[in-house]
Amino acid sequence: MIERSESLQFFVDAASAAFDQFAKAPAARRSIRQIFTLLEHSAPERDGPGSRLPVCKNLDEALSINTPEASLQRLIEGFKGIEPNLEWRQRTRCDGTESANFADGHANAMIIGPGGLEERSDLWIGVTLMVPHVRYPDHDHAPEEVYLVLSKGEFQQGEGEWFSPGIGGSFYNEPGIKHAMRSVETPFLAFWALLAGESH
Ligand SMILES: [Fe+2]
């Protein structure tokens, strides 16, 4: 079996503990359990430095969250350890529901999954960063998804009301559901975990 780098394994362990602590809905807990069981087996890891986008200058502020939760502090610490290797990207598919400042106001990074640090197709773990007052476009995808939110920020599922999970908030997106997110007056940071396999 391939050994994960120490920094990525630290992040995986921290993410496992944090998602386990904060994912509450039964479907989210089942999904998270499946994802982190799959992650007991690693896949080939990309080597070399990552690449940032200009919006990443907001990372320091986004990562300096004020939380008493040790698991979230550990997740941030683990994320800082791998962030220099991530390739931050802009989403290119938009549908007009995004704000005018969206393109330069956000960045996504795949940590584990297609194009991620650890290349695999059975699951995706990644992160979204946004500057204040950005609305991400409506989107949907076949894999189910669990979010873990590390900042202020608001989310919408389907045609539902916008809601604020808060720091440590977590919620479940069923397969194919339309969803969106928007930042408020502070930088936005949220992790997402998608189960792309056929095991559900
Ligand atoms: Fe999503």
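Predicted model: local features only at pLDDT ≥ 70, side-chain atom pairs only at ≥ 80, totals over all residues.
Colleague: Which residues of H1 are buried?

Modeller: The general idea is that an α-helix has 3.6 residues a turn, so residues three or four places apart point the same way. In H1 the buried residues are Leu8, Phe11, Val12, Ala14, Ala15, Ala18, Phe19 and Phe22.

Colleague: How many residues does helix H2 have, and which of its residues are buried?

Modeller: Helix H2 runs over residues 26–38 and has 13 residues, reaching 18 Å from its first C-alpha to its last, close to the 18 Å expected. Its buried residues are Ala28, Ser31, Ile32, Gln34, Ile35 and Phe36, and what covers them includes helix H1 as well as strands S3, S4, S6 and S8.

Colleague: Which residues have the most contacts inside the largest nonpolar core?

Modeller: That core has 58 residues, and those with the most contacts inside it are Phe11, Phe79, Trp88 and Ile111. Strand S8, residues 188–195, gives the most to this core, with 8 residues.

Colleague: With which residues is Trp88 in contact, leaving aside its neighbours within four places in sequence?

Modeller: Setting those neighbours aside shows what the fold brings to a residue. For Trp88 the partners are Ser51, Arg52, Leu53, Cys56, Leu59, Phe79, Glu83, Ala107, Asn108, Ala109, Val127 and Leu129.

Colleague: Where does Ala190 lie, and is it buried or exposed?

Modeller: Ala190 lies in strand S8 and is buried, with a relative accessible area of 0%. Beyond its neighbours within four places in sequence, Ala190 is in contact with Gly126, Val127, Thr128, Tyr147, Leu148, Val149, Leu150 and Phe155. The C-alpha atoms of Ala190 and Ser151 are separated by 7.0 Å, although the two residues are 39 residues apart along the chain.

Colleague: What are the protein donors of the iron ion?

Modeller: The donors are NE2 of His141, two OE atoms of Glu145 and NE2 of His179, lying 2.2 to 2.6 Å from the iron ion. In sequence the donor residues are spaced H-x3-E-x33-H. His141 is in the loop between S3 and S4 and His179 in strand S7, residues 179–182, so that this pair, 38 residues apart, links distant parts of the chain. Both His141 and His179 are buried.

Colleague: What angles are found among the donor atoms of the iron ion?

Modeller: A site is judged by comparing its angles with ideal ones, which are 109.5 degrees for four tetrahedral donors and 90 or 180 degrees for six octahedral ones. Here the 4 donor atoms make angles of 51 to 129 degrees, and the site is irregular.

Colleague: How many salt bridges does a search of the whole structure find?

Modeller: The search finds 13 salt bridges. One of them joins Glu144 to Arg30, with the closest N and O atoms 2.7 Å apart, and this pair links strand S4 with helix H2 across 114 residues of sequence. Glu144 is buried, at a relative accessible area of 1%, whereas Arg30 counts as partly exposed at 29%.

Colleague: Why does the salt bridge of Arg52 and Glu83 tie together separate parts?

Modeller: The side chains of Arg52 and Glu83 meet at 3.0 Å, N to O. Arg52 lies in the loop between H2 and helix H3 and Glu83 in the loop between helix H4 and strand S1, so the pair ties together parts that are 31 residues apart in sequence. Glu83 is buried, with a relative accessible area of 7%.

Colleague: What is the phi of His133, and where is its place?

Modeller: As background, most residues other than glycine have a negative phi. Phi of His133 is near 60 degrees, a positive value, and His133 is in the loop between S3 and S4, where it is exposed, with a relative accessible area of 54%.

Definitions and conventions. Residues numbered from 1 in each chain as written. Heavy atoms only, no water. Core = buried A, V, L, I, M, F, W, Y, C linked by side-chain atoms within 4.5 Å. Buried < 20%, exposed > 50% of the residue type's maximum accessible area, 1.4 Å probe, protein only. Helix = DSSP H or I, 4+ residues; strand = E, 2+ residues; numbered from the N terminus. Contact = heavy atoms within 4.5 Å. Expected span 1.5 Å × (residues − 1). Donors = N, O, S within 2.8 Å, 3.2 Å for Na, K, Ca; no water. Tetrahedral: all angles 85-135°; square planar, octahedral: opposite > 155°, others 65-115°. Salt bridge = Lys/Arg side-chain N within 4 Å of Asp/Glu carboxyl O.
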